[in-house]
Amino acid sequence: MLDPDSGLSLTIARIVQRLKGSSLHSQLERQARGNWEKRILKSLNSMCTELGIPLAQKRPVNEQKELLNKWNEMGTDEPDLSLFRPVYAPKDFLEVLMNLRNPNYENGEQLSFRNHLGLIQVPLKVKDIPELKEDFSELGLNIGQLGIDDSAQVPPEFFENEHVRVGQKVLAEQDSAAAQQYVRQGCPTALRADLWALILNISNQPEDILYYEQLKSNVIQHDLLVDSLIYKDVKLTASNDDYYFVFEDYLYQVLLCFSRDTSVLEHFTYSSATPPKSYIRGKLGMEEYAVFYPPNGVIPFHGFSMYVAPLCFLYHEPSRLYQIFREMYVRFFFRLHSISSHASGIVSLCLLFETLLQTHLPQLFYHLREIGAQPLRISFKWLVRAFSGYLATDQLLLLWDRILGYNSLEILAVLAAAVFAFRAVNLMEVTSLAAAEAVLADLSTLKVMPLLQIFLFATVT
């Protein structure tokens, strides 16, 4: 078992120490990410050793039958998971990102970046508001949007009726590019599932259903240590969420199958990361006996199941739900827990958030910094989970419409900054991190689109 107060803290300290002492230079992403992955796997191996549980083992036949019989009601199972701990939580990952440095910057380059007073100290290029306005031009104040109750330019009923008609035409023509452009103004609820599937090129053919059944068969036959981590995460997050607890069974099915899906490994070809490896017992360090672990190369962290939960509102057929989630993950979500310099990567999103706040709300930014409530310490969990579990579901789906429409996660950083702007008056009165967190504890009443529009198009630049 990983003692959260010693084992994980020691792990983080070691990573930070290694990051401080290494010459990252052009290999900044690979080394930092590589060290992080190694430490996570080491933590997993330690858990194995301390609990006396192997990383993987074949299930006895009677267990296989039992699991197959309760496949659609796994949520009723109550195994003792008290000894299992999440391998890491977003706040642990933030500590690693905070200690990333670019040695060129340390040697005097990027002097303009020295004015940046946030937690992220890697001088990546991020967009300013004029550039964001141009990129997100369809969110302008004079353009019809789903998620805006009243617009001076377009009566909402007229826009919605016309928007539904256009959406039906896009679906009839099965034009993926047109669908992507269309959802920038939001998806009608009745069309969202089909439009997202069209954008993601998911058709749920018989071979796709067969593939899902093969993954299910693998779950039935083999027990992985990460299964307990998945189970624990669902119990700690989605099962306690008023919106998502009803989807507990779907979450187990999708996430257990996902952990076995070796096709997910393909995303590492365009990621700076490498999938974690384990070794067959007694063959440690011998590459010919190395295997990716888990088979999909993704070790779940605290809150991982919240990437799947909102999709359960849209898709009720397990194999289709599975394919949608897998495609969302390999296109978008993996970037939220990977160290990279990509514009949609978590490091850039954090920097964009901090830069927007420092530039356009300097008084608030400095106030929070002075009282020890660095804004990123509060918003990081929103960014890592793409706001899942924080916004009301209808608002979250409107936000994810735009992620798909713009093929970018940058809108997450813009929304995070917009939330701080919206609550700025209250935040200026707080005198501690705990008080600032309390002001921002409940986002469930927020309306996403008005916040984004006001921040982007009513901010003086």
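Tutor: This is a predicted model, and in it P375, I378, S379, W382 and L383 of helix α16 meet L412, A413, A416, V419 and F420 of helix α18.

Student: How many of the residues in the contact of α16 with α18 are nonpolar, polar or charged?
Tutor: The contact of α16 with α18 has nine nonpolar residues and one polar residue, with no charged residues taking part.

Student: And at what angle do those two helices pack?
Tutor: Helix α16, which covers residues 375–384, and helix α18, which covers residues 410–422, pack at an angle of about 135°, and their axes are 10 Å apart. The two helices are therefore oblique to each other, and the crossing of α16 and α18 is right-handed.

Student: What classes of residue are in the contact of α3 with α10?
Tutor: By class, the contact of α3 with α10 has four nonpolar residues, two polar ones and one charged one.

Student: Switching topic, why is α4 described as largely enclosed?
Tutor: Helix α4 spans residues 90–98, and seven of its nine residues are buried, so the helix is largely enclosed by the rest of the structure. The buried residues of α4 are P90, D92, F93, L94, V96, L97 and M98.

Student: What about the cysteines, is C257 buried or exposed?
Tutor: C257 is buried, because its relative accessible area is 0%, and C312 is likewise buried, with a relative accessible area of 0%.

Student: How many disulfides does the count come to?
Tutor: The count comes to zero disulfides, taking a disulfide to be a pair of cysteine sulfur atoms within 2.5 Å.

Student: Can we zoom out? How many helices and strands are there in the chain?
Tutor: The secondary structure of the chain comes to 21 helices and four strands. Of the 461 residues in the chain, 55% count as buried.

Student: And what share of the contacts join residues at least 24 apart?
Tutor: If we take the contacts in the chain between residues at least 6 apart in sequence, 76% of them join residues at least 24 apart.

Terms used
Residues numbered from 1 in each chain as written. Predicted model: local features only at pLDDT ≥ 70, side-chain atom pairs only at ≥ 80, totals over all residues. Heavy atoms only, no water. Nonpolar A, V, L, I, M, F, W, Y, C, P; charged D, E, K, R; others polar. Axes fitted to C-alpha atoms, helices over the stretch in contact; angles between N-to-C directions. Parallel < 35°, antiparallel > 145°, perpendicular 65-115°, else oblique. Left-handed = near helix turned anticlockwise from the far one by under 90°. Contact = heavy atoms within 4.5 Å. Buried < 20%, exposed > 50% of the residue type's maximum accessible area, 1.4 Å probe, protein only.
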